[in-house]
Amino acid sequence: MLILLQAVLGFDNLLYISIESKRAPLDKQKMVRTTGIGIAIVLRIVLLFVLVNLIKYFQDPIMHIDLWSWISGTFNIHSLIVLFGGAFIMYTAVKEIWHLVYLEEHGMDEKEVASTSKVITMIVFMNLIFSFDSILSAMALSDVFWVMATAIIISGVLMIWLSDKVSVFLAKNRLYEVLGLFILFLVGVMLLSEGGHLAHLELFGSEITPMSKATFYFIIFILVIIDIVQGKYQKQLIKAREQANNK
């Protein structure tokens, strides 16, 4: 059950790793994914140990804000990490979408190549942010440390294997890269809503409620269907234009 849980909750993390690794030099991308996930697995186990023993400190309030009844909330370490992670993922998705839509339109398809150490650092950092939910969910299912640690290691090995598959698929099917970026943007929205809920955040008197996993996966399903239908329709249009030009 824990391995299955890690796999389901790790989908968004896997997508981020595949997209982020493309910023590294081509011949280093596989190494970047393997090294980044490997380091993240070790740090996840460390984080698991810390959370098991110090969970109350992550849940205790550390800051309260109330600005003229426009925005109010009580923040803890957990909520701040989730909020920051959501905002950063949305920024990454918007930046990559802007590149695809604007730069390629103006004949500037080359991305700025980042150093391998920088990309590995970002993969490890975001992996830790994504791991909070999976670790807390694991703690709700089991209180045996070695069981949870084993599930993290196995899911990490699967993630290394799947990250290569996803990266190759996105490289061969660039149209689906746009879909992946919008899914990543949706992940950021989900994390922001969850972080706002953890902080009991209220905007103009309305409390922030978290996006449910069922809603998240349903929206992804709709996006995939739209992308498939649009792709087939576009191919039919191209075929019809070619036939009209040949007449």
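Which residues is Val-187 in contact with, leaving aside its neighbours within four places in sequence? Select Val-187 to begin: its contacts are Asp-12, Ile-89, Phe-130 and Phe-216, where contact means heavy atoms within 4.5 Å. The model on display is predicted, so local features need pLDDT of at least 70 and side-chain atom pairs count only at pLDDT 80 or more, while totals for chains, interfaces and linings use all residues. Residues are numbered from 1 along each chain as its sequence is written, and side-chain values use heavy atoms, with hydrogens and water left out.

Val-187 lies in helix α7; helices (H or I, at least four residues) and strands (E, at least two) are DSSP runs, numbered from the N terminus. With a relative accessible area of 0%, Val-187 is buried. Buried means under 20% relative accessible area, exposed over 50%, and partly exposed in between (1.4 Å probe, protein chains only).

Next, select Met-1, in the segment before α1 (2-9). Met-1 is exposed, at a relative accessible area of 79%. From Met-1 to Leu-141 the C-alpha to C-alpha distance is 8.5 Å, although 140 residues separate them in sequence.

**Second stop: the nonpolar cores**

A nonpolar core is a set of buried Ala, Val, Leu, Ile, Met, Phe, Trp, Tyr and Cys residues joined through side-chain atoms within 4.5 Å. Select Val-32, Ile-37, Leu-48, Leu-51 and Ile-135, which touch the most other members of the largest nonpolar core, a set of 24 residues. Helices α2 (11-20), α3 (29-59), α5 (116-141) and α6 (145-172) each give two or more residues to this core. A second, separate core has 23 residues, including Ile-19, Ile-89, Leu-179 and Leu-181.

Now centre the view on Ile-37. Not counting residues up to four places away in sequence, Ile-37 touches Ile-17, Ile-123, Gly-156, Met-159, Ile-160 and Ser-163.

The structure holds five aromatic pairs. Rings of Phe, Tyr and Trp (its six-membered ring) pair if their centres lie within 6.5 Å; planes under 30 degrees apart count as stacked, over 60 as edge-to-face and the rest as tilted. Select Phe-49 and Phe-145: the ring centres are 6.1 Å apart and the planes stand at 90°, so this pair is edge-to-face. Because Phe-49 lies in helix α3 and Phe-145 in helix α6, the pair ties together parts that are 96 residues apart in sequence. Phe-145 is partly exposed, at 33% relative accessibility.

Move to Phe-84 and Phe-88, a stacked pair with 6.3 Å centre to centre and 20° between the planes. Both residues lie in helix α4 (residues 77-103), four residues apart, about one turn of the helix. Phe-84 is partly exposed at 44%, and Phe-88 is partly exposed at 22%.

Four strands form an open, antiparallel sheet in the order β1-β2-β3-β4; two strands pair if DSSP finds at least two bridges between them. The edge strands, β1 (61-67) and β4 (206-207), each pair on one side only. Select β2 (residues 71-76) and β3 (residues 202-203), which pair over two bridges in the antiparallel sense. Ser-72 stands opposite Glu-202 in β3.

Finish at His-200, in the loop between α7 (175-198) and β3. His-200 has a positive phi of about 50° although it is not a glycine.
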